[in-house]
Amino acid sequence: MRERTLEIVIGVLVATAGLLSIGYFWNSMRKEQTKVQTDLYSLIAPNANGLLSVNRPQLLYHMLEANSAIKQSFATYVPPLYQVLIFKSSLPSLLLSFHPEGVLIYAKANKEQIDYLETKLLLPLMGGYAPIKRQVKGINYTFFAEKGNRYFGYYRTESEWVGSYNRLLLEASAQCLSHPTNNQPQLMELRKKADKNAMMNLFLPTAPFNLYTNLSGDSTIWRMDKILWAGSDLFVNNKKLCCFSLWPERMPTDSLYQPMADTLTLRIGTFLPGMVVSGGLNSENGQAYYTACIPIQ
C-alpha cells in the first residue's frame with residue numbers, strides 16, 4: 001500500500017512538473033512573440049506632424065558639419081540633446097516624431113545599449129545628478145533634471161527605448177505598449193516603400209501643404225485630400241542633399257502633377273532660406289517621382 005501511495009505521489013509530481021514546464025514554455029514564447037512584434041511605429045504618440053527615421057547617423061553628422069545652413073535648419077527641429085543621442089549613442093538607427101507639444105525619440109536597443117545611454121551620455125550631460133525613477137500605470141519612467149527646471153524622461157522595454165522632454169507625450173507613447181496605435185494604412189504602406197539604406201526617411205501629413213492645382217484651366221480644383229501622407233528618402237549625391245519621393249498614387253495626367261511639384265519646390269525653399277532648391281518630376285509606368293536637391297558645399 002505504501003509503495004502504491006508513493007507511486008501515485010511521484011506520478012502527480014511528474015505531471016505537475018510537466019504542466020509547469022509547458023506553461024513556462026508557452027509564456028516564454030508569448031513574451032518572445034510580443035518582443036518580436038513590437039514595432040517602433042506602433043509606439044508613435046497621436047497627432048504627429050511628421051516622422052523622421054535616421055538610418056545612417058554618421059553620414060548625417062558629416063553632412064551637417066559640411067553645411068552650416070542645413071545644420072541650423074536641422075537644429076531648429078531637433079533639440080541638442082537629441083542630436084547627442086543620435087550621433088554618439090552608436091545605435092544603428094533612430095526614429096523621431098514631431099508633435100505640437102514636442103518631439104519624441106525612439107530606438108531599438110538592448111539593455112547594454114540603454115545602460116550606455118544613461119551612464120555615459122545622459123548622466124554627464126545632466127551634471128551627474130541621479131535620475132528620478134517613477135512608475136505610472138505599470139510603466140517605469142526615468143527622468144533627468146536639466147537647467148531651467150526642465151526634465152528629459154524615457155521609458156524602456158526589453159528591446160525599445162523612447163524619450164522626450166514632454167511627459168504627457170511620453171506617457172501617450174507608453175500607453176501604446178498595451179494599446180498599439182493603428183496608424184493610418186497609407187503611412188504604413190509608404191513606410192514599406194521607403195529605402196532603408198537611405199540616410200533618412202521623412203514622412204509628412206499632406207494637409208499642412210495644402211497642395212492643389214486647377215484642372216483644364218477652368219475653376220475646377222483638384223486637391224490632395226485623399227492622399228494623407230507623403231514620404232521621401234533623403235540621401236547625399238554629388239555633394240547635394242536630395243529627397244526622392246514616390247507620389248502616393250498613380251499619375252493620371254502630366255498637367256495635374258507638374259504645378260504641384262513646382263509649388264512643393266517653393267515650399268521646401270521656405271524652410272531653407274538663402275539656399276537654391278532644384279526640383280523635378282519624372283514618371284514611369286504611370287507612377288510619379290519627385291526629386292529635390294540642395295547643394296551641401
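## Around Q113

Apart from its neighbours within four places in sequence, Q113 is in contact (heavy atoms within 4.5 Å) with L91 and K108. The C-alpha atoms of Q113 and L91 are separated by 7.7 Å, although the two residues are 22 residues apart along the chain. Q113 is found in helix α5; helices are DSSP runs of H or I with at least four residues, strands are E runs of at least two, and both are numbered from the N terminus.

Is Q113 buried, partly exposed or exposed? Q113 counts as partly exposed because its relative accessibility is 27%; buried means under 20% relative accessible area, exposed over 50%, and partly exposed in between, with a 1.4 Å probe and protein chains only.

## A note on the model

This is a predicted model, in which local features need pLDDT of at least 70 and side-chain atom pairs count only at pLDDT 80 or more, while totals for chains, interfaces and linings use all residues. Residues are numbered from 1 along each chain as its sequence is written, and side-chain values use heavy atoms, leaving out hydrogens and water.

## Two packed helices

Helix α5 (residues 111–125) packs with helix α4 (residues 80–88) at an angle of about 145°, their axes lying 11 Å apart. Axes here are lines fitted to C-alpha atoms over the stretch in contact, and angles run from 0 to 180 degrees between N-to-C directions. From α4, the contact is made by L81, V84, L85 and K88; from α5, by Y116, L117, L121, L122 and L125. By class, that gives eight nonpolar residues, no polar ones and one charged.

Within α4, the buried residues include L81, Y82, L85 and F87. After α4 comes S90, with a positive phi near 65°.

## The nonpolar cores

A nonpolar core is a set of buried Ala, Val, Leu, Ile, Met, Phe, Trp, Tyr and Cys residues joined through side-chain atoms within 4.5 Å. The largest has 46 residues, and L60, Y82, L85, L96, I105, F152 and W161 have the most contacts inside it. Its largest share, five residues, comes from α4. Apart from this core lies another, of 24 residues, among them L40, Y41, L43 and W229.

## S53 in its strand

S53 lies in strand β1 (residues 50–54) and counts as buried because its relative accessibility is 10%. Its side chain makes a polar contact with the side chain of N55 at 2.9 Å; such a contact is a pair of N or O atoms within 3.5 Å, where within protein one must be able to donate a hydrogen and the other to accept it, and residues adjacent in sequence count only if both atoms are side-chain atoms.

Definitions and conventions. Nonpolar A, V, L, I, M, F, W, Y, C, P; charged D, E, K, R; others polar.
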